[in-house]
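Q: I have a model open and want a quick tour. Can you walk me through it?

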Amino acid sequence: MTNYLVAMEAAWLVRDVEGIDDAIGVAVSEAGKRLNEKDKEYVEVEVGATPCPACGEPFDSAFIAANTALVGLLLEIKVFNADGEKHASRIAKSEVGGALRDVPLDVIDVMEFADEDDA
């Protein structure tokens, strides 16, 4: 059994905002609140990054149109004792998806890590 760090991307819709910073703040806050209500405070939440199509430099994943924002969030969770990367992905999506109902999730990276207690 192996331990994995699973990174997922979530699409978060924020209504009635006027600026990118407000949209990002609301999205991160709402996601964190919903995760905490389900005792999932161990899930890390931050704004995602999207590469610029022209120069390749990353920028915050947020877009506003008609005072409605779509914010890309990066969610990270440690999964312990999984049988493999696919198993870790399923566990992560199940854990996070249960707290964030109706929020699209996509696994973007799965990395193996060593548990500090084993060292």
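Here is the chat on the fold, the contacts and the surface.

Q: What kind of model is this, and how are residues numbered?
A: The model is predicted: local features need pLDDT of at least 70, side-chain atom pairs count only at pLDDT 80 or more, and totals for chains, interfaces and linings use all residues. Residues are numbered from 1 along each chain as its sequence is written, and side-chain values use heavy atoms, with hydrogens and water left out.

Q: How many helices and strands?
A: Two helices and seven strands. Helices (H or I, at least four residues) and strands (E, at least two) are DSSP runs, numbered from the N terminus.

Q: In which order do the elements run?
A: From the N terminus, β-α-β-β-β-β-β-α-β.

Q: What box do the C-alpha atoms fill?
A: Roughly 50 × 40 × 25 Å, along the principal axes.

Q: What share of the residues is buried?
A: 36% of the 119 residues. Buried means under 20% relative accessible area, exposed over 50%, partly exposed in between (1.4 Å probe, protein chains only).

Q: Switching to contacts. How many salt bridges?
A: One. The rule asks for a side-chain nitrogen of Lys or Arg within 4 Å of a carboxyl oxygen of Asp or Glu.

Q: Which residues form the salt bridge?
A: Lys 40 and Glu 95, with the closest N and O atoms 3.0 Å apart. They link distant parts of the chain, 55 residues apart. Lys 40 sits in the loop between α1 and β2 (44–47), Glu 95 in helix α2 (residues 85–99).

Q: Is Lys 40 buried or exposed?
A: Buried, at 16% relative accessibility. Glu 95 is partly exposed, at 28%.

Q: How many aromatic pairs?
A: The whole structure has one. Rings of Phe, Tyr and Trp (its six-membered ring) pair if their centres lie within 6.5 Å; planes under 30 degrees apart count as stacked, over 60 as edge-to-face and the rest as tilted.

Q: Which parts does the pair tie together?
A: Phe 80 is in strand β6 (residues 68–82) and Phe 113 in strand β7 (residues 105–113), so the pair ties together parts 33 residues apart in sequence. Phe 113 is buried at 19%, while Phe 80 is partly exposed at 44%.

Q: Now the surface. Which residues form the negative patch?
A: Glu 18, Asp 21, Asp 22 and Asp 60. Patch residues have over 30% relative accessible area and no salt bridge; like charges are joined within 9 Å, nonpolar side chains (Val, Leu, Ile, Met, Phe, Trp, Tyr) within 5 Å.

Q: Where is Asp 22?
A: In helix α1 (residues 20–37). Asp 22 is partly exposed, at 48%.

Terms used: Areas by Shrake-Rupley, 256 points an atom, 1.4 Å probe, with all protein chains shown as cover. Lys, Arg positive; Asp, Glu negative; His and termini not counted. Charge placed at Lys NZ, Arg CZ, Asp CG, Glu CD.
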